[in-house]
Amino acid sequence: MRKIQLVSMVVMLVSFSQGWAGGAPGKVIGATTTDSYLAYKLSSQDGFVFIDLRPIEEYNQGHVPGAKHLDYNDLTEQSLATLVNKKSGRVVFYCSGNASELAGWASQKALDWGWQNGFVFYYRTGMREWISSGLSVEK
């Protein structure tokens, strides 16, 4: 009986600490996780739409060149469809970086709404890594 209680407590603590930790998920099943190198290569190719989910003030301070702003509070299937074709559009979601869950959440929502595997890219490390990699920003 004591072993069961101990195991239950450990499971609760692990679950609590994972939920409490926050931050960007390591990956989103069905989305392609990308780093700055791949994101940079994708940004120069036709057919890829970068979606910046940060607050508009941060977007205006500098964003991936050509990126569209879509506040995470306004993300719906319809608002995304106005920016990215659901059947053939490739979308790259990003936000501030590892400490933010927004790009992972948006990637999962796009997949749930029917954007296809292979067409959803999750730029997990986001603007923080883009800038620290010395890549140019647009204002």
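Here are my entries, starting with how to read them.

**Ground rules.** I am working from a predicted model, where local features need pLDDT of at least 70 and side-chain atom pairs count only at pLDDT 80 or more, while totals for chains, interfaces and linings use all residues. Residues are numbered from 1 along each chain as its sequence is written, and side-chain values use heavy atoms, with hydrogens and water left out.

**Entry: S36.** I found S36 in helix α2, residues 36-43; helices are DSSP runs of H or I with at least four residues, strands are runs of E with at least two, and both are numbered from the N terminus. S36 is buried, at 5% relative accessible area. My cut-offs are under 20% for buried, over 50% for exposed and partly exposed in between, with a 1.4 Å probe and protein chains only. I then listed its contacts (heavy atoms within 4.5 Å). Beyond neighbours within four places in sequence, S36 touches Y123, T125, E129, W130, S133 and L135.

**Entry: S44.** S44 sits in the loop between α2 and β2 (48-52). Buried or exposed, I asked of S44? It is exposed, because its relative accessibility is 60%. S44 and G66 are 22 residues apart in sequence, and their C-alpha atoms are 9.3 Å apart.

**Entry: helix α5.** In α5 (residues 102-112) I noted L102, A103, G104, A106, S107, A110 and L111 as buried. Their cover includes α4 (77-81), β4 (90-94) and β5 (120-123). Just after α5, G114 has a positive phi of about 110°.
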